[in-house]
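Thanks for coming. Please have the sequence and the model open while I talk.

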Amino acid sequence: MKAPWPDGVGPLRGERSRFQHVVKHVYRPRERWEQVVERAGVLAREAAWASGCAPAVLDRPHPDPTDCTDACVQHVLRDHDLHLQPAYFGAIEAGLAADRLGALPAETGRGPGWLVVGDLGVSVVVRLVKRTYAEVKTAYRVVPRGRGRRPEDFRYAAVLKLRDKSSFMGGD
Amino acid sequence: MATHPWHQAALEELGELRPDTEVQDEAWRALVLVGRLFSAPQSLVPDPTWLRALPRLQQVAGPSDPASLLDRLASALEADDDPSGPLHDVLIDIDDELVVSTMSGGASIGDELAARAQALVALWPERVLTLADFAEARLSTSRPDSLEHRLWTEVLAAPAAILAAALPGTAATAPVPARRPASAPQVAYLPDTLLRAAAASPDLSEHQLGEGVWLYVSGGELRVELADRSPGATHLLLQAIDRDGDDVLIERAFVVEHPGTTATVVLGDEAALERIAEEAGRPLGSLKIRLVVSAADDS
């Protein structure tokens, strides 16, 4: 039986997770976050450099906030609160309205989950952490395989993943 | 025999696509869906229109990039975010690549991709635990001798692998896995900042591009130093890629023999990157430069 959509959804939890999501997704050009968030991508990364984030740390596959100055960490976490968080909550709202929602298998020791795709192709994984309360676990844009890089190309790529992942769960 | 919902979904989605599409991602998706039908245990055959369209769809979809898929898989396995995010995405992308390569006769490339992907998954079984339900369902929709079957079998075996590693005595004898299997290619990109600096002046300082991969200028030569290699020969492929389209514009292959564990590859003189950009007919800033490193006998 599929779990009902939770009453409340909280943001990404934890400084490390928030830091990594901003640096790995919003600051890197591959996912074209400037289509979702004003002054994202290279401009946001340059602003992070200016606030004391070392480029070598930002370029790591899995950047670690403990390698950064406090000023850098605070800057990146502010970018989460001001830009990424509204973007993923907006994506959830738009995805629910458009029925771009699929159930995910339960994670061991944790609750069932959902994948939601927003209008601009932001994919958000949400998981139940209490009886009726869930949290965002990851938010990112699926990069199209081909050359297309318009918002609708990102949305198409994300919707295909939603179909494939949730098809065995019987949709939602 | 009733059609499985996975294949029913493929048939329905094919009905929404056009065999004469000029859209790259739609052409690829059509190939994937036809490939999924072909690889079904009961060998479903799509409408003949699709079969006739396959060569043209392959042309529109463009070439594949297995090295990039493996790099994405390694990175997603090393991460600690929800496995249902980018990790599940890249496993599906590899599955797509495998069904299409089998259908189009590229089995040797698919075979290597499946083997390397399996090896990577085997290093991080705990990361794929939650994908077991998907793996089980996917296995029921593919033939046991198919490449994608091997991939999802590895995912499904994760709990057993973890259990085996935890058995008394195993920890002391099991070898510590390398960050990547020795056979997997290592991929590094030159950071944007470095390309901008190189465009402005060839006088580059030393840069670490990845684990054990360094780029620097010495004696008027641009060099890549690769640490912790197995003694023998190392293969380095340099690719200049269009930043917008992801097309590989220029490729240079280097093979260097080294008796010790450090391999030094000379890419050219200190203006080598600028010269590659000139040859590609693009400004350096519009390119991505990718280095793919592997043991020479793997390539």
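What covers the buried residues of α4(B)? The cover includes α5 (86-103), α6 (107-123) and β1 (186-189) of chain B. Before going on, some ground rules. This is a predicted model, in which local features need pLDDT of at least 70 and side-chain atom pairs count only at pLDDT 80 or more, while totals for chains, interfaces and linings use all residues. Residues are numbered from 1 along each chain as its sequence is written, and chains are lettered from A and ligands numbered from 1 in the order in which they are written.

Now the terms. A residue is buried if 20 or more other C-beta atoms lie within 10 Å of its own, exposed if 12 or fewer, and partly exposed in between, with C-beta atoms placed from the backbone. Helices (H or I, at least four residues) and strands (E, at least two) are DSSP runs, numbered from the N terminus.

Back to α4(B). Its buried residues are P66(B), L70(B), D71(B), R72(B), L73(B), A74(B), A76(B) and L77(B).

Chain B as a whole has twelve helices and eight strands. Of its 299 residues, 37% are buried. The domain assignment, which is automatic or from a database, gives domain 1 (5-61), domain 2 (66-165) and domain 3 (186-298) of chain B. The C-alpha centres of domain 1 and domain 2 of chain B lie 22 Å apart. Their contact takes twelve residues from domain 1 of chain B and eleven residues from domain 2 of chain B. Contact here means that the C-beta atoms of two residues, placed from the backbone, lie within 7 Å. On the domain 1 side, α2(B) provides the largest share, six residues.

One residue of chain B to look at is F134(B), in helix α7 (residues 132-139) of chain B. Is F134(B) buried or exposed? It is buried, because 25 other C-beta atoms lie within 10 Å. Leaving aside neighbours within four places in sequence, F134(B) is in contact with P105(A) and F168(A).

That takes us to chain A. An open sheet of five strands there has the order β1-β5-β4-β3-β2, with mixed pairing. Strands pair if DSSP finds at least two bridges between them. The edge strands of chain A are β1 (8-10) and β2, each pairing on one side only. β3(A) and β4(A) pair in the antiparallel sense over five bridges. W114(A) has V126(A) in β4(A) as its bridge partner.

Last, the cores. A nonpolar core is a set of buried Ala, Val, Leu, Ile, Met, Phe, Trp, Tyr and Cys residues joined through C-beta atoms within 7 Å. The largest one has 46 residues, and those with the most contacts inside it include V76(A), Y88(A) and V116(A). α4(A) gives the most to this core, with eight residues. Why does the core lie between domain 1 (15-87) and domain 2 (96-169) of chain A? Both domains give residues to it, so it lies between them. A second, separate core of 42 residues includes A53(B), V90(B), L91(B) and L147(B).
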